[in-house]
Amino acid sequence: WAIVGAHDPTFGKRIHVSSKSDANFKMEGNCLVVLGIGGKPKELVNLESVGVNGISMVKRFSGGGTVVVDQSSLLTTFIGRTDMAPNLNPYPRDIMKWSGDDIFGPAFRSMKSDMIQHYKQRLQQPSLVVQENSCGGLDSRTTNQKNTTFISNETTNDSKLLLEEDISAIPDFRLRENDYILGDRKMGGNAQAIVGGGWLHHTSFLWDFDKDNMKYLTMPSKRPEYRGNRSHDDFIVRLKDSFEPLGKYSLFDKMKDAIEDRFDIVEEVTSQEALELVSDQFGSMQSWYDGKCRTRLLEV
């Protein structure tokens, strides 16, 4: 199964968090801090800033690091059964490599191809050349005409150079260590939950983010070698910076194309249909949260 979506994580209309142990908890702020199941808030979160600004914290049921998500985050989840994917070892790195090679890699390559085409089309668009005589001067090419406008289709060397610079600035997608990156910068967080018969792999991609929200995260003591001592601002990157002309949800469209290329049958369902399935199986989202759900809100 593949689940994709984007929403405001500070507003949950399906779950009332005050129904159980979270009686004193209020969803505030413009973002949400999410820790992995083994994450320690005192080590990974600037608790003073979180408390002052009323930012909510959640400890999810999967592993991985700490991320800040908001309404600009693009959320993806893959759920697989080991008996249906016998050639995929159910380990975090193997699962990441599978999704990177088969789904995310093709999706981002297609997005890059679309951006290259976008830049080429922009270069080929005719430009308006307003002659001097339209402003009271005289243009030697139109001595018998006044206020004439020409359409120029010329591609200058400068324009070609700008095109090459635009194309070279589009970074490539890669899996490096345990991160999905564009160029040499991380573009989101990912985590896995693995049980005997299956696994779950989810990723939050940063289409955009508020730099001020990065102050809620501390510099982790354990970090990938390629990061070095780079701050959050220097280490992470927005997808929007490279793919804005394609639109916020272009990644989901490209993922769907990649999935359809690799699976014989793809059935697409809406969020409402998924919620109805949850209701049939578990009573409701609220019942699931109050019962077996291992994701929990944390007190600041």
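# Helices, hairpins and pockets in a predicted model

User: How does the end-to-end distance of α3 compare with what its 33 residues should span?

Analyst: This is a predicted model. At 1.5 Å a residue, α3 should span 48 Å, and its end C-alpha atoms lie 45 Å apart, which agrees.

User: Where is the kink in α3 centred?

Analyst: The kink in α3 is centred on Gly100 and comes to about 45°.

User: And α8, how far does that one reach?

Analyst: Helix α8 covers residues 271-282, twelve residues in total. From its first C-alpha to its last it reaches 16 Å, close to the 16 Å expected at 1.5 Å a residue. Just after α8 comes Gly283, with a positive phi of about 100°.

User: Which residue has a positive phi although it is not a glycine?

Analyst: Glu177, at about 55°. Most residues other than glycine have a negative phi.

User: Where is Glu177 found?

Analyst: In the loop between β8 (173-176) and β9 (179-182). Those two strands form a hairpin with two residues between them, and Glu177 is in the turn.

User: How do β8 and β9 run, and how many bridges join them?

Analyst: They run antiparallel, joined by four bridges. In one of the pairings, Arg176 has Asp179 in β9 as its bridge partner.

User: Back to Glu177. How accessible is it?

Analyst: Its relative accessibility is 32%, so Glu177 counts as partly exposed. Buried would need under 20%, and exposed over 50%.

User: What about Asp261, buried or exposed?

Analyst: Exposed, because its relative accessibility is 64%. Asp261 lies in helix α7, residues 250-262.

User: How far is Asp261 from Ile103, in sequence and in space?

Analyst: They are 158 residues apart in sequence and 9.4 Å apart in space, C-alpha to C-alpha.

User: Switching to pockets. What volume does the second largest pocket have?

Analyst: About 1000 Å³. Its lining is made up of 40 residues, and Gly64, Gly65, Thr66, Lys186 and Lys222 lie nearest its centre.

User: Which elements give two or more residues to that lining?

Analyst: They are α1 (41-44), β4 (67-69), α3 (92-124), β11 (188-195), β12 (198-206) and α5 (232-235).

User: Which of them gives the most?

Analyst: β11 does, with five residues.

User: How do the lining residues divide by class?

Analyst: For the second largest pocket, there are 15 nonpolar, 15 polar and ten charged residues.

User: Tell me about β11, then. How many of its eight residues are buried?

Analyst: Six, so β11 is mostly covered. It runs antiparallel to β12, and eight bridges join the two strands.

User: Which residues line the largest cavity?

Analyst: Its lining consists of Val68, Val69, Asp70, Ser73, Leu206, Asp208, Phe209, Asp210, Asn213 and Met214. By class, five are nonpolar, two are polar and three are charged.

Note on methods:
Residues numbered from 1 in each chain as written. Predicted model: local features only at pLDDT ≥ 70, side-chain atom pairs only at ≥ 80, totals over all residues. Heavy atoms only, no water. 1 Å grid on protein atoms, 1.4 Å probe; cavity = no way out; pocket = protein on both sides within 12 Å on 5 of 7 lines; lining within 4 Å. Points joined across faces, edges and corners; volume = space filled by probe spheres on them. Nonpolar A, V, L, I, M, F, W, Y, C, P; charged D, E, K, R; others polar. Expected span 1.5 Å × (residues − 1). Bend = angle between axes of the 7 residues up to and from the residue. Buried < 20%, exposed > 50% of the residue type's maximum accessible area, 1.4 Å probe, protein only. Pairing = 2+ DSSP bridges.
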